[in-house]
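Open the model in your viewer and keep the selection tool at hand. The tour below goes stop by stop.

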There are 2 protein chains.
Amino acid sequence: MSKPFDSPQPLCHYDVVIVGAGFSGLYAARILARKYSILLLEASEQVGGRVRNHQFANGDVVDIGGQWLGPGQDRMYKLAGEAKRSIFPLYNRGDNLFLLGTKKTRYQGTIPKIGPVALADLGQLLARFEGMARQIDPQRPWAHPKAQRWDSQTLHSWVQRNSLTKTARQVFNIGIGAVFAGEARDMSLLHALFYASSGESMEHLLSVTGGAQQDRVHGGTWSICYEMAQQLGERCLLDAAVKKIDQHADGVSLCYEQNGVMACVSARKIIMAIPPNQINRISFNPPLPAWRDQLFQRMPSGSCIKYVARYEHAFWRDEQLSGQVASTNGPVHVVFDNGEKGKDAGLLMGFVDGDTARAWSAKSAQWRQEQVLACFVRFFGENAKNPAEFVEKNWSEEPYIRGCYAAHMTPGAWTGGGDKLRSPELNVHWAGTEMATEWYGYMEGALEAAERASAEVHSLLSRHLERTIK
Amino acid sequence: MSKPFDSPQPLCHYDVVIVGAGFSGLYAARILARKYSILLLEASEQVGGRVRNHQFANGDVVDIGGQWLGPGQDRMYKLAGEAKRSIFPLYNRGDNLFLLGTKKTRYQGTIPKIGPVALADLGQLLARFEGMARQIDPQRPWAHPKAQRWDSQTLHSWVQRNSLTKTARQVFNIGIGAVFAGEARDMSLLHALFYASSGESMEHLLSVTGGAQQDRVHGGTWSICYEMAQQLGERCLLDAAVKKIDQHADGVSLCYEQNGVMACVSARKIIMAIPPNQINRISFNPPLPAWRDQLFQRMPSGSCIKYVARYEHAFWRDEQLSGQVASTNGPVHVVFDNGEKGKDAGLLMGFVDGDTARAWSAKSAQWRQEQVLACFVRFFGENAKNPAEFVEKNWSEEPYIRGCYAAHMTPGAWTGGGDKLRSPELNVHWAGTEMATEWYGYMEGALEAAERASAEVHSLLSRHLERTIK
């Protein structure tokens, strides 16, 4: 009863096949489709990768994946404009809340109100971090004179050694959790510095107005992906999980599973635009070099569960609250008002990240909802207790994603092979936000990496064309 | 031209299917075959996992994978006896060599001759490490009162903070490289302490006579695997790479690829006996829980290339040298005389590990051989220049292994989900040396984990049998 599996004849030949229809794969397909025959293969049943919309019963749509745009992310603003999506600022009026244990205070801006000693401590800690991050060339984090030292310790170790007060550490760690979707021990200090450098600065990454959480997209960021996929039409294949990639001197053949059937295509070049933790799950022939497989093993994805509670009314706004919370006590440490401009509904969005997000996947959805709402009640009072609707998205559960926002380089990865991370592997080129040098981990990084990978492929294919014409 | 792939009807039904025919899978199969119908599936073309023989042109056989036995590894000694394999001590007469930079000295025992200050420093560093390791219960490393602290830093950070001299650190790091096949920054301090505790002590792991490098097996350790596979006969299937595991309440179905053809079998229980980095490469349905996928992402395998040079004569023995070397300068930091007792040939075995092993996979075999032999010449003189034969084994190149000796827990993994590492996943049970509490990373650990997983399965199946009879 066994059935044939290996080497079905390729159905079709393309100049370029792109694997993964998140922002990066879609953008690479869009660029290359102007000049080349392309095919975009997506393993799951919809495009968008780590970006997705949820539609509430009342018709309102909310981002349950990547959602923010901010200054410096020029490609994203341009792309949103081309897709005719309008941009609106995150609701950012009134006071933010800060909870130190059970003590609740109001504040404005990025840094919550803490005592003068802790504030000075937090200030010097952030200033020191920023000073180091500024020294990192995000194109070559491994090349900094102190790269080995900074890559041999966890971010946690550095924070412990360079802070004096527990409060400063607690507040800094709220930021780490929100920015990285992980614990400070999950990554090397060098990776954290690189990440901040690739996104301008830590302050930029932590800020709303003027920073990485400034703007949102009407109809959700996913609508931009949908628009790109629409333009590709049949050149974008869903439910097509690539299982095997065979390389030979002149090109590549890929076999993918679609509706339980294996099919194969061939291409001159391919662009991989999936998270590093997924790449090793595909069977390459010849196998990827040992150093590269080992490097991808050292790039685990972060973990974050995103929660959105929909209320009939944004009651916190009546109390001059912005909906933004930073809390030292979890499980929800960070909250934002996720309402769309011009919509009535009040949406509170909370993150549960790192170890808590990992542990929570073993609990029931009911239990998780109770925990999150208990936090919202602690922050905003009894009004928060009974939302009209409640949605959660745990990106680590998605079989073709398995984490978010992005991969963390564990200690030693950047300086122990990271210099070759983006180098093509014969006919395979690398995109995806983890291959970005600008805005690593962000949608903008996904575009930057796609642009670079597409340029590599174009350069090679057009050179080949010239040779052929001569 | 696409061909059917999904859900071929299962060919056969077994009580237990075991995935991976290394020491762990073979041992589990051997235990369970006494009472149950079993099938053992091995992805590669031979059994043995991270254990293998190489036969030289002159007929001599040498271990190019795991090779040593030592006191405390009772299961391995017993199993070797049952397989009628005799044991012999590693050649350990004469002086060892220690190279501090280019300065060469002779020494005996585990600790090389270094200056009194460095020696005192190394002594306190080792004593401190051992003192902490002794406190770790290898059944529950996460339960130690300081587990969070020790798991939030790399071993490297701890060594830097607790040593005064560069020499002590260099010597300690030679030991780390040899024991872990990795860099001190590749793992958390807690993992290193657990590892030492699970193998009795760091001193034990570093020692030859009386320690983990005491004994070897005539004909190679692989011959024990071969013997176990012979006894299983047709119940052990080679070239059978498991691709899909579907679980339902009563059992499991597995689909594997063999000679390009997909075949499926079903079982009541399965035991996974493959490295953690390989488990996520198999498609589970339902998918593994988010926390478990994330945990395996945080268990990258170490990296080590093993070199053996065969000389017509063990010329170093004539100079009262043991063949053992510890060198602060690499690329080869550690050498042993790997000759079999009663054989004429002289075999020098060297390890290249961690970042160097990773980087070397991008180089040519010729270049690597020259580098290794240049080290051997530095250690033993011009006689070492031209071996009769030379063999290398890079376990990170093996597509179904991708590293050795074992997985390292990166910072945060043990305390961020490690407590559930060995808990069964419905009908899936976990073996392999990374699931051991005794001798994690060693062949003995592979047996210990197999014993525990087999007992779990037996307990469940026999209880079910009792219920059926009643």
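Select B:Asp355 and B:Arg185: the two form a salt bridge whose closest N and O atoms are 2.7 Å apart. A salt bridge here is a side-chain nitrogen of Lys or Arg within 4 Å of a carboxyl oxygen of Asp or Glu. B:Asp355 sits in helix α13 (residues 354-360) of chain B and B:Arg185 in the loop between α6 (166-180) and α7 (189-198) of chain B, so the pair ties together parts that are 170 residues apart in sequence. Helices (H or I, at least four residues) and strands (E, at least two) are DSSP runs, numbered from the N terminus. Both B:Asp355 and B:Arg185 are buried; buried means under 20% relative accessible area, exposed over 50%, and partly exposed in between (1.4 Å probe, protein chains only).

This is a predicted model: local features need pLDDT of at least 70, side-chain atom pairs count only at pLDDT 80 or more, and totals for chains, interfaces and linings use all residues. Residues are numbered from 1 along each chain as its sequence is written, chains are lettered from A and ligands numbered from 1 in the order in which they are written, and side-chain values use heavy atoms, with hydrogens and water left out.

Next, go to chain A and select A:Asp63 with A:Arg216, a salt bridge with its closest N and O atoms 3.2 Å apart. A:Asp63 belongs to strand β5 (residues 61-63) of chain A and A:Arg216 to strand β9 (residues 215-217) of chain A, distant parts of the chain 153 residues apart. A:Asp63 and A:Arg216 are both buried.

Then select A:Glu392 and A:Arg368, where the closest N and O atoms of the salt bridge are 2.6 Å apart. A:Glu392 is in strand β19 (residues 389-394) of chain A and A:Arg368 in helix α14 (residues 365-380) of chain A, so this pair ties together parts 24 residues apart in sequence. A:Glu392 is partly exposed, at 26% relative accessible area, whereas A:Arg368 counts as buried at 7% relative accessibility. Over all chains, the whole structure has 50 salt bridges.

For the last stop, show helix α3 (residues 116-135) of chain A and helix α5 (residues 155-162) of chain A, whose axes come within 10 Å and cross at roughly 135 degrees. Axes are lines fitted to C-alpha atoms, for helices over the stretch in contact, and angles run from 0 to 180 degrees between N-to-C directions. Which residues of α3(A) and α5(A) make the contact? On α3(A) they are A:Asp121, A:Gln124, A:Leu125, A:Arg128, A:Phe129 and A:Met132, and on α5(A) A:Leu155, A:Trp158, A:Val159 and A:Asn162, contact meaning heavy atoms within 4.5 Å.
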